[in-house]
Amino acid sequence: MIHVFDTRHLGRRGIIAVTAAETNEGLVLFDAGPESTFDNVSAELRASGFATADVRHVFLSHIHFDHAGAAWRFAELGATIYVHPRGAPHLLDPEKLVNSARRIFGEDMERLWGRVAPVPHERLKILQDGDVVRLGTLEVRAIETPGHASHHHIYEWEENVFGGDVAGVRIGNGPPVPPFVPPELNVEWWRESIAKIRALQPRRLYLPHFGVVGAGVSEHLAALDERVARWSEWFRDQLRAGADEASLRGGFAELEQGELRGSGASEAEVLAYEQADPSYMAVAAAERYWRKYHPEEVGG
Ligand SMILES: [Zn+2]
């Protein structure tokens, strides 16, 4: 049995999910949500008949605060935390991560993401690409899937995939969109990662933002892949033409919101997308990507 718990981030539903699978070795979580919503997730667990300490294993897609912020709280209660090798140092010693997040979120850090503390060494397990963890009757496979972040895993079990952020943000009636965030956006890797998910042919694709794609996983992946390519090219063309930051922000927000509305998203859903994946972050992400990997394409 699989549950999708709503973290009710900043009091809103349908923005950040925690996915849980029941096993005969306790509850397994895929992503933990931010620390600021730990109590909400505990309440959701109780409402489904579990105690917070029933969570024995937490598989992290990546270490961004909306996915991994609460990991140390579950570790404190005895859960084992699984993470990509490049994410592990930041869980053991989060100081660098906090400092770089503070540059983005400033004084809003704590309100958005809550408290940050290290995951103890003995509670952390590093998973390499292809590693399988056997938990009773459940087998969970980690698959390295960079693009959104360089240290990103998706997890496959039975006919399910937990897709993390590389599998896109899809809210309500809206379309799948790729969350471009600094500093590790890589378009080529992202598209390879989508191809890896496609090759697994999952029946259900679980998304941290938000819920589950049941019917139409392959259409979801095709639409996502198309947007990764087209949106990154939009940024390339704008940068080549010398667009400044303000016009990139305005132009991209307009492009994204136009596509969301055009695909049937309500105004409330357009706002939910913005909360799950702020459009301004794509500007710094895309700019860094093009200047680092393809400077000749954007005029140096
Ligand atoms: Zn992320």
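**Ground rules.** I number residues from 1 along each chain as its sequence is written. The model is predicted, so I take local features only at pLDDT of at least 70 and side-chain atom pairs only at pLDDT 80 or more, while totals for chains, interfaces and linings use all residues. Helices (H or I, at least four residues) and strands (E, at least two) are DSSP runs, numbered from the N terminus.

**Entry on β3.** Two strands count as paired if DSSP finds at least two bridges between them. β3 pairs with β2 (residues 17-23) in the antiparallel sense over five bridges, and the two form a hairpin with two residues between them. Ala21 stands opposite Val28 of β3. With β4 (residues 55-59), β3 runs parallel, joined by four bridges; Leu29 has Val58 in β4 as its bridge partner. I then checked burial, where a residue is buried if 20 or more other C-beta atoms lie within 10 Å of its own, exposed if 12 or fewer, and partly exposed in between, with C-beta atoms placed from the backbone.

**Entry on the open sheet.** I traced six strands in the order β7-β8-β9-β10-β11-β12, with mixed pairing. The edges are β7 (132-135) and β12 (211-213), each pairing on one side only. β11 (residues 204-207) meets β12 in the antiparallel sense over three bridges, and Leu205 has Val213 in β12 as its bridge partner. In the loop between β11 and β12 I found Phe210; the peptide bond from His209 to Phe210 is cis, with omega near 0 degrees.

**Entry on α8.** The 24 residues should span 34 Å, and the end C-alpha atoms are 35 Å apart, which agrees. Its buried residues include Val217, Leu221, Leu224, Val228, Trp231 and Phe235. Contact means C-beta atoms, placed from the backbone, within 7 Å. The buried residues of α8 pack against α7 (187-200), β11, β12, α9 (245-262) and α11 (280-293). Just after α8, Gly242 takes a positive phi of about 85 degrees.

**Entry on α9.** How do α9 and α11 cross? Their axes come within 8 Å and cross at roughly 120 degrees; axes are lines fitted to C-alpha atoms, for helices over the stretch in contact, and angles run from 0 to 180 degrees between N-to-C directions. I noted the contact residues: Glu245, Leu248, Arg249 and Phe252 of α9 with Tyr280, Ala282 and Val283 of α11. Leu255 is also in α9, and counts as partly exposed because it has 17 C-beta neighbours inside 10 Å.

I listed a cis peptide bond between Pro182 and Pro183, with omega about 0 degrees. Pro183 lies in the loop between β10 (160-162) and α7. Arg8, in the loop between β1 (2-6) and β2, has a positive phi of about 50 degrees although it is not a glycine. Gln201, in the loop between α7 and β11, also has a positive phi of about 50 degrees without being a glycine. Is Gln201 buried or exposed? Gln201 counts as exposed, with 10 C-beta neighbours inside 10 Å.

Methods
Expected span 1.5 Å × (residues − 1). Contact = placed C-beta atoms within 7 Å.
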